[in-house]
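Me: I have a model open and want to go through its side-chain contacts. Can you take my questions one at a time?

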Amino acid sequence: MARAAWAAEIRWSALTVALVLSSLIRPSISIYCDEDDCYDLLGVSQNANASEIKKAYYKLSLKFHPDKNPDPESRAKFVKIANAYEILKDEATREQYDYAIAHPEEVFYNAARYYHAYYGHKTDPRAVLVGLLLILSLFQYLNQWTRYKQAIDTVKKTPAYKNKLRALELERSGGVTSRKKNNKAMDKNMEEELSKDLNLQIKGAEIPSIWELVGVRFLLLPYTIGKLLLWYGCWFWRYNVKRAPYSWEDASYLTRRSLGVSFDSWRFIDEPCKEDLIQKRLWEKSNLESYLAETRKESKRRR
């Protein structure tokens, strides 16, 4: 019963989407001369040559041009005629229009050809790139912020968070808490104030940063590449040429790369554990194999 209702809901949703799209999408030929036929506007057949189209346009322009005919309706008529002539006088746009007449079902393809022909050469690719990066960055920031807020709301409902909040309240009040039950608004305000002092770090749902946006990263790409090349050069000189011992930061990098641990995950590992892992020199293949074998044995023993 539930499956049938679910299937019916899907069918109704699909039908609704189809109706909305059909009402929004214009026919292929209407993007050229609105609801009119470009050939009919000029009074020529579809097989007319360029000379016949030109003669028809000049004949109609003498009749409907605003300088020849002050009638407001003739002005609107002349605009349509001029637009039809602009489409049919060019072989490329005329071929596209003829194709749209012959294949009206290819709506998206015909629309793409039309807008590319009329606006593609007028659009600066740099402006398109900037606009695309802005849109992507906006969606990325909104997505990250939504995920962060959802994660925070989820954490605030857990007993561990409430215990931390209670401990902070006791710390601030010196171990004395109010037992009044009729002051819920004050308790809520106090909870909001105390929650601001708790540094909530949630893996996979960090506070959004503009430095992580795709647009900012693209703008900083030359700087990032230069910094990366400089880092590799210094690494090669220090450890391959001079044979210097690894620093703490570089040893940490080698360790987490050997273990396949991300930077965010590495940050949440306590310092004694990091120290122990670094001392094992896991970036050396033999040490890594021994460590993984010991880890597997320990895991089997605990089972």
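Me: Which residue does D276 form a salt bridge with?
Reply: D276 pairs with K280, and the closest N and O atoms are 3.9 Å apart. A salt bridge here is a side-chain nitrogen of Lys or Arg within 4 Å of a carboxyl oxygen of Asp or Glu.

Me: What should I know about the model itself?
Reply: This is a predicted model, in which local features need pLDDT of at least 70 and side-chain atom pairs count only at pLDDT 80 or more, while totals for chains, interfaces and linings use all residues. Residues are numbered from 1 along each chain as its sequence is written, and side-chain values use heavy atoms, with hydrogens and water left out.

Me: How exposed is K80?
Reply: K80 has a relative accessible area of 39%, so K80 is partly exposed. D36 is partly exposed too, at 27%.

Me: Which residue does K274 meet in a salt bridge?
Reply: The partner is E271, at 3.6 Å from N to O. Both are in helix 15 (residues 271-279), and because they are three residues apart they are separated by about one helical turn. K274 counts as buried at 8% relative accessibility, whereas E271 is partly exposed at 48%.

Me: Switching to rings. How many aromatic pairs does the structure hold?
Reply: There are 14. Rings of Phe, Tyr and Trp (its six-membered ring) pair if their centres lie within 6.5 Å; planes under 30 degrees apart are stacked, over 60 edge-to-face, and the rest tilted. The rings of Y57 and Y85 have centres 4.1 Å apart and planes at 5 degrees, so this pair is stacked. Y57 is in helix 4 (residues 50-64) and Y85 in helix 5 (residues 72-89), so the pair ties together parts that are 28 residues apart in sequence.

Me: Are Y57 and Y85 buried or exposed?
Reply: Both are buried.

Me: And how are W231 and W235 arranged?
Reply: They form a tilted pair, 5.1 Å centre to centre with 40 degrees between the planes. They are four residues apart in helix 12 (residues 221-241), and therefore separated by about one helical turn. W231 is partly exposed at 32%, while W235 counts as buried at 14%.

Me: Which cluster do ring pairs link W231 into?
Reply: The cluster is made of W231, Y232, W235, Y239, Y246, Y253 and W283.

Me: What does D250 touch?
Reply: D250 touches W235, R238 and Y239, leaving out residues up to four places away in sequence. Contact means heavy atoms within 4.5 Å. D250 lies in helix 13 (residues 248-259) and is buried, with a relative accessible area of 11%.

Me: Now the largest nonpolar core. Which residues touch the most other members?
Reply: Y32, C38, L42 and L88, out of 24 residues in that core. A nonpolar core is a set of buried Ala, Val, Leu, Ile, Met, Phe, Trp, Tyr and Cys residues joined through side-chain atoms within 4.5 Å. Helix 5 gives the largest share of this core, six residues.

Me: What does C38 touch?
Reply: Not counting residues up to four places away in sequence, C38 is in contact with Y32, C33, A84, I87, L88 and Y97. Another core, of 10 residues, lies apart from the largest one and has W235, A251, W266 and I278 among its members.

Technical notes. Helix = DSSP H or I, 4+ residues; strand = E, 2+ residues; numbered from the N terminus. Buried < 20%, exposed > 50% of the residue type's maximum accessible area, 1.4 Å probe, protein only.
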